[in-house]
Amino acid sequence: MSKDNFYKNSIILTFSNLITGILKFMFSIILSCKLGAQGMGLYSLIMPVYDFFAVIVCGGMITAVSKECASFYSKNDFANLHKSIRICLIFDLVWSVLIALVLFLFSPLICNTVIKDNRALYSLWLICPAIVFIALSAILKGYFYGISKMTIPSVIDICEKGIRMTVIVSIITILNLHEITRTVTVTYLALSAGELVSFILLFCFYKKNKFKYTISYSKSEKGIKLLSGILAISLPLCINGILTTGLSTASTLLLPQRLIAAGIPHGKALAIIGKFSGMAMSITFFPFIAIMSISTVLIPNISENLSKGNYALLEKRFVEVIKIAFIIGLSTLVICMSLPNSLGELFFKRNDLGEFIKLAALSTPISYVSATTFGILNGLGKQKVVLKNSVLSALIELFLIYVLCGMPSINIYGFGISIIITSSTVLFLNMIEIKKDYSLDFSTVNLIIDILLGIFVYLILRILNTILPNQNSVIKSLSLLIIGFATFIFATAIFNENDNK
């Protein structure tokens with residue numbers, strides 16, 4: 001994968017993920033309208049359970065399959081490439097069905113002892129088939145990423161999000177549902193339907209694409225050997241995912257209990273969680289789409305450059321992606337701190353999200369960069385380091401939520417504080433590990449300039465927000481949003497270009 005191809009694939013994936021993210025963002029807006037703050041809170045408590053079981057069945061498989069497929073594809077070893085996909089699909093089918101059955105049987109227990117809300121039962125039952133579909137889809141996505149066919153899974157992801165939105169709006173509107181249990185259940189029914197359609201489309205495109213690569217002169221390996229090679233890569237990532245997602249799930253489910261301990265009633269606690277996690281964080285982490293796209297493409301790119309010994313290029317690439325992540329995170333912070341109330345009214349038609357948006361935005365520069373460093377470490381094959389640092393940060397987050405969110409004077413703000421502290425810890429530890437083998441040269445002058453530009457854009461937006469009339473708040477908010485991002489990114493690009501010269 002050449003440099004041009006790296007950025008080309010990053011742009012393609014970012015663009016498709018941007019569309020997916022817009023649909024997902026629209027999805028959260030629709031949910032907030034259909035479910036309300038309490039419904040969003042209940043939805044946010046069920047989702048971590050789904051994420052946890054999804055990690056068990058497919059954690060690390062996309063990365064592992066993409067790396068193995070890239071290796072076979074570069075050697076024109078199509079026989080072992082397709083055999084690897086076939087054996088992985090069989091393995092994951094059996095494994096995911098078993099895990100889905102466990103989830104189905106233990107759903108009542110999870111509702112009573114973990115989520116502590118019986119209204120979640122039907123939703124948990126409905127996500128069981130989605131567990132199977134997402135596991136099989138992960139194999140096929142890994143295949144397309146490995147052969148650099150980014151467009152296919154990206155377009156299918158867009159279709160899946162569109163189907164979910166259509167199903168939710170149609171059922172809730174036609175049946176005129178208002179009760180929280182039913183509306184949340186319909187939401188997870190749509191999730192399963194979307195994952196099913198996504199798998200069917202991925203499989204159809206895989207079968208069609210497979211016939212393009214049939215001639216192979218390499219010796220076919222035994223299926224068990226191919227599966228072992230993939231599991232050797234995915235298992236550490238899966239364990240990492242299970243531990244970190246498990247701890248993250250524990251943190252999410254602990255949050256309402258600690259808010260209740262702080263003296264907040266259960267219904268209000270769910271509403272606060274819905275506002276912060278379901279609405280404010282949807283806004284502040286929307287640009288995170290670009291970071292995840294770059295990290296996805298970065299992993300096989302690092303593997304290719306390592307095999308060629310292009311260490312100088314790798315160091316340059318690391319600095320570039322970290323700078324990009326920081327600039328996107330800093331611009332997000334500036335926009336959200338300048339226009340918090342306007343953003344809440346623009347996207348969710350609520351005037352009580354300002355403080356939550358500012359709280360969630362404080363961590364964006366650090367969170368965005370720390371996520372990028374995880375991508376670098378995964379590409380370098382340092383899965384054990386990723387596991388250690390991820391688990392440590394999750395434990396710190398769990399501890400901070402327990403202590404801070406239980407204080408009446410802090411309550412939900414403790415969640416935001418925990419994100420800042422854990423992101424900073426992860427960034428510090430990851431950078432130490434990367435710098436052991438690679439020299440990362442960052443300009444202090446450029447960092448100061450970026451921060452000063454952020455302050456400058458912040459002041460401009462505050463002034464414009466004050467002097468511009470409020471006759472059409474939607475146009476005003478969108479205009480300020482575009483001006484803010486465009487000014488900051490354009491000015492930063494000019495300064496960086498002059499510095500490179």
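Is F318 buried or exposed? F318 counts as buried, because its relative accessibility is 0%. Buried means under 20% relative accessible area, exposed over 50%, and partly exposed in between, with a 1.4 Å probe and protein chains only.

The model is predicted: local features need pLDDT of at least 70, side-chain atom pairs count only at pLDDT 80 or more, and totals for chains, interfaces and linings use all residues. Residues are numbered from 1 along each chain as its sequence is written, and side-chain values use heavy atoms, with hydrogens and water left out.

**Aromatic pairs**

A search of the whole structure finds 13 aromatic pairs. Rings of Phe, Tyr and Trp (its six-membered ring) pair if their centres lie within 6.5 Å; planes under 30 degrees apart count as stacked, over 60 as edge-to-face and the rest as tilted.

Select Y143 and F144. These two form an edge-to-face pair, 5.1 Å centre to centre with 70° between the planes. Both Y143 and F144 are buried.

Helices are DSSP runs (H or I, at least four residues), as are strands (E, at least two), numbered from the N terminus. Y438 is buried because its relative accessible area is 10%.

**Nonpolar surface patch**

Now select F91, W95, L98, L101, V102, F104, L105, F106, L109, Y122 and W125. Together they form a nonpolar patch on the surface, with about 1000 Å² of accessible area. Patches are made of residues with over 30% relative accessible area and no salt bridge; like charges are joined within 9 Å, nonpolar side chains (Val, Leu, Ile, Met, Phe, Trp, Tyr) within 5 Å. A salt bridge is a side-chain nitrogen of Lys or Arg within 4 Å of a carboxyl oxygen of Asp or Glu.

α3 (78-115) and α4 (121-146) each supply at least two residues of the patch. The largest share, 9 residues, comes from α3. L109 lies in α3 and counts as partly exposed, at 47% relative accessibility. Ring pairs link F104, Y122 and W125 into a cluster.

**A charge over a ring**

Select R258 and Y402. The charged end of R258 sits over the ring of Y402, 4.1 Å from its centre. The rule asks for NZ of Lys or CZ of Arg within 6 Å of the ring centre and within 35 degrees of the ring normal.

**Cysteines**

Finish with C204. The disulfide count is 0, with a pair of cysteine sulfur atoms within 2.5 Å as the criterion. The nearest cysteine sulfur to C204, that of C159, is 12 Å away. C204 counts as partly exposed, at 46% relative accessibility. C405 counts as buried, at 0%.

Key: Areas by Shrake-Rupley, 256 points an atom, 1.4 Å probe, with all protein chains shown as cover.
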